[in-house]
Amino acid sequence: MAVAAETIITAIHGDRVSLLRVLGPAHVWALGVGIVLVGEFTGWNFSADKGGALAALIVCWVVGLLYTSVAMIDSEVTSTVAAAGGQYAQAKHIVGPLMAFNVALFLVFAYTMLEVSDAILLGDTIVAKAGVEGLTHNSFIAATIVVLAWLNYRGVLMTLNVNFVITAIAYVSIVILFFSVSPWTQGAVLKLNELVTPGNALPYGWIGVIAAFQFGIWYYLGIEGTTQAAEEVRSPARSLPYGTMAGMITLLIAAAMTWYVCASLMPWEYLGITYYPLWDAGKLTGSALLENLLFIATLLAALASANGCINDAARAWFSLGRDRYLPTWFSAVHPKYRTPYRSILFLLPIALAFAFIADLNQAITFSILSGVLQYTFMSINIMMFRKKWPLGTIRRGYTHPFHPLPAIVLFCLCVVTFFAIFLGFGSQLIAMTIFYFLISLWFHFYRYRYVRRGDQFTMPWPKPQGY
Amino acid sequence: MSRYTPPEQGKAGQIFDIVVVVVAIFVALWLPLKLGLAGAAKSIDALDAKTWEALGQNPTMASIWEKLGYTPETAHDIIQNRFHYIIDWPTLIIMAAVLIGYFVFLFRASDREYRDVINEKFDDK
C-alpha cells in the first residue's frame with residue numbers, strides 16, 4: 001500500500017496537535033476485518049455449544065444480517081459525523097451527552113475485552129503447540145499486550161499497515177484450508193452428513209438456535225470499529241462506507257467457509273468447546289502443512305484483532321477526555337507520533353489485569369454484552385438522526401437504502417440476542433447493566449458539571465428539527 | 001441563553017475521578033467473576049455406561065474423538081456437559097426491567113442535557 005504520509009491538521013476543539021489523516025480504504029478494511037477475523041479462529045464455535053452445529057450456521061447468516069444492518073447504518077452516520085470516537089461522536093451529536101458517555105464505555109469495554117480474549121487465545125495456542133509441561137500462557141499474554149500497545153503508541157499508519165498484512169495472511173489461510181479439503185466432495189475429507197445428522201443438528205431444538213445468537217455475534221463483532229478511524233482517514237465519506245461494506249462481505253464469506261469446514265470435520269460437542277476450531281480443522285485434515293498454516297494464522301488473527309482493539313479503545317477513551325467527560329489529561333496527543341498515547345497507556349494495565357483473571361469465554365461474553373448494548377443504541381440512533389436532520393437538510397457522505405428496515409431488523413435482532421444471553425449468561429448481563437446504570441448516575445449528577453455545553457456540538461449542521 | 005462556564009477541576013479532583021472510573025471498571029468486570037456470576041450455566045448429565053454408543057456418537061464421530069486423543073471416559077464430561085434451557089421467568093422479568101429502565105433513563109437524561117447543548121450552541125448565533 002502506497003500511502004502518502006500527508007499531514008492535515010484538523011482544528012477540532014482547537015487542538016494544536018491533532019491526529020494525522022493518513023489512512024485509506026484498505027486501512028479501514030484492515031482495521032475492521034483485522035479486529036473481527038479472529039472470531040472465525042475462536043469464539044463463533046461456542047454457538048455450536050449453545051445450540052448445535054446447525055444452529056451455528058443459522059446464526060452465522062442471521063447475525064450476518066444484523067451486522068449488515070450495522071454496517072449500512074454506521075456508514076451513513078459516520079460518513080456524516082467524521083470524528084474520532086466513532087459511535088461516541090454520533091451519540092453526542094444526535095442523542096445527547098449521557099448517551100455518548102455510555103456509548104464510549106461500551107466501545108472501550110467491548111474492545112478491551114476483545115483484546116483480552118485475543119491475548120488469551122494467543123497465549124493458549126502457543127502453550128498448546130509447545131506441549132511443554134508447566135509452561136503457562138502468562139508471559140505470552142503480557143508480551144502481546146505490551147508490544148501491541150507500544151506499536152499503537154508509535155503511530156497509527158504503521159499499526160494499520162501491520163494489520164493489513166497479517167489480516168490478509170490469516171484470511172488467505174482460511175481460503176487455502178477450504179480449497180484443500182475438496183469442499184465439493186463429501187466423504188473423502190469432509191464428513192458433514194455423518195457429523196451433522198437429523199438427530200443432532202439441533203440438540204436443544206429451536207430454543208438452542210436463539211441461545212446460539214450470543215456467540216453468533218462473535219463471527220462479526222468489531223466491524224463497526226472502522227468508524228474509530230474517522231479523523232485519520234483522508235476521505236471519510238468515501239473510505240469509511242467502502243472499507244466497512246467490503247469488510248462485511250469479506251467476513252460473510254469467511255464465516256460460511258469456516259462453518260462448513262469445521263462442522264464437516266469434528267462433532268458438534270467438541271466444536272462447541274474447543275478454543276481453536278480452525279487449527280483443529282487443520283490437524284484433522286492430516287496435513288502437517290495445513291496444521292502449521294492454521295496455527296500461524298490463529299496467532300496472526302489474534303494479533304491483528306488485539307492491535308485494532310487497542311487502536312479503537314484508545315480513541316474512544318481519548319474522545320471522552322477531549323470533551324471533558326473524563327479528566328482532560330486523557331486527551332493529549334503525542335507531539336511526535338500524533339497518537340492518543342495517554343489513553344493507550346492507561347488502558348494497558350486494565351487489559352493486562354483482566355487477561356490474567358478472566359478465562360476466554362468470560363472475556364468474550366463481557367465483550368459481546370457491551371457490543372449488543374451498543375447495537376441497540378445504533379438502531380434508535382439512526383431513527384433519531386433521520387428525524388432530526390431529514391434527507392436533504394445536511395450533506396451525507398452516504399445514504400443507506402431501505403430506511404427504516406435495517407434499523408427495525410437490527411433492533412429486533414438485538415432483543416433476540418439479549419434473550420440469548422439470558423439463556424445461560426443472564427446474571428452477567430444484569431450485573432453489567434447495573435454497572436452502566438450506576439456510572440451513568442455518576443456522570444449525569446456529578447461529572448457533567450465539568451463539561452462545556454455548546455462546545456460539544458462541533459458539526460457544521462443546522463439546528464435539529466424539534467428543538 | 002447565558003453560556004455555561006464549567007468550574008475548573010484541580011489535579012486532585014482529576015486524579016480522584018480517574019480512580020473512581022478505574023475502581024468502577026474493576027468492580028463491574030471483576031465482581032461478576034468473583035461472585036461466580038460470569039460464565040455459562042451448564043451441568044453434566046452423567047451416564048453410567050461410558051461407551052461411544054451411549055454417548056450418542058456414531059463410528060465417524062468416535063474415530064474423530066479418538067484422533068483428537070479422547071476415549072469415551074475422557075469425552076464423557078464434554079459430551080454430557082449441557083445447557084438446560086428452562087426459562088426462569090422472575091429472572092427474565094428482572095433482566096428486562098433492568099434493561100428497559102436503563103435505556104429509558106439514558107434517553108430521557110440525555111435529552112435533557114442535549115436541549116442545553118442545542119440551546120447554547122444555536123442561541124449564540
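Helices here are DSSP runs of at least four residues, numbered from the N terminus. The model is predicted.

**View 1. A:Ile439 in helix H17 of chain A.** A:Ile439 sits in helix H17, residues 405–445 of chain A. A residue counts as buried if 20 or more other C-beta atoms lie within 10 Å of its own. A:Ile439 has 20 such neighbours inside 10 Å, so it counts as buried. Beyond its neighbours within four places in sequence, A:Ile439 is in contact with A:Leu105 and B:Ala24. A:Leu105 is 334 residues away from A:Ile439 along the chain, yet their C-alpha atoms are separated by 9.7 Å.

**View 2. The contact between chains B and A.** Here 58 residues of chain B are in contact with 64 residues of chain A. Four helices of chain B each supply at least two residues to the side that touches chain A: H1 (11–34), H2 (59–67), H3 (72–79) and H4 (89–123). H4(B) gives the most, with 22 residues. By class, this side of chain B has 39 nonpolar, nine polar and ten charged residues.

View 3. H8(A) covers residues 156–180. At 1.5 Å a residue, its 25 residues should span 36 Å, and the end C-alpha atoms are 36 Å apart, which agrees. Buried residues of H8(A) include A:Val156, A:Leu160, A:Phe164, A:Ile166, A:Tyr171, A:Ile174 and A:Leu177. The buried residues pack against H1 (25–36), H2 (38–41), H7 (138–154), H11 (236–263), H13 (277–284) and H14 (288–322) of chain A. Just after H8(A), A:Ser182 takes a positive phi of about 50 degrees.

**View 4. Helices H4 and H11 of chain A.** H4(A), residues 53–80, packs with H11(A) at an angle of about 175 degrees. Their axes are 9 Å apart. Angles over 145 degrees count as roughly antiparallel, and H4(A) and H11(A) are therefore roughly antiparallel to each other. On the H4(A) side, the contact includes A:Ala56, A:Cys60, A:Gly64, A:Tyr67 and A:Ala71. On the H11(A) side are residues including A:Pro236, A:Leu240, A:Met248, A:Leu252 and A:Trp259. The contact residues divide into 17 nonpolar, six polar and one charged.

**View 5. A:Ala56 in the largest nonpolar core.** The largest nonpolar core has 196 residues. A:Ala56, A:Ala104, A:Leu107, A:Ala313 and A:Trp317 touch the most other members. Leaving aside neighbours within four places in sequence, A:Ala56 is in contact with A:Trp44, A:Asn45, A:Ser47, A:Ala48, A:Gly51, A:Ala212 and A:Trp259.

Terms used: Residues are numbered from 1 along each chain as its sequence is written. Chains are lettered from A and ligands numbered from 1 in the order in which they are written. This is a predicted model: local features need pLDDT of at least 70, side-chain atom pairs count only at pLDDT 80 or more; totals for chains, interfaces and linings use all residues. Two residues are in contact if their C-beta atoms, placed from the backbone, lie within 7 Å. Ala, Val, Leu, Ile, Met, Phe, Trp, Tyr, Cys and Pro count as nonpolar, Asp, Glu, Lys and Arg as charged, and the others, Gly among them, as polar. The expected span of a helix is 1.5 Å times one less than its number of residues. A residue is buried if 20 or more other C-beta atoms lie within 10 Å of its own, exposed if 12 or fewer, and partly exposed in between; C-beta atoms are placed from the backbone. A nonpolar core is a set of buried Ala, Val, Leu, Ile, Met, Phe, Trp, Tyr and Cys residues joined through C-beta atoms within 7 Å. Axes are lines fitted to C-alpha atoms, for helices over the stretch in contact, and angles run from 0 to 180 degrees between N-to-C directions. Angles under 35 degrees count as roughly parallel, over 145 as roughly antiparallel, 65 to 115 as roughly perpendicular and the rest as oblique.
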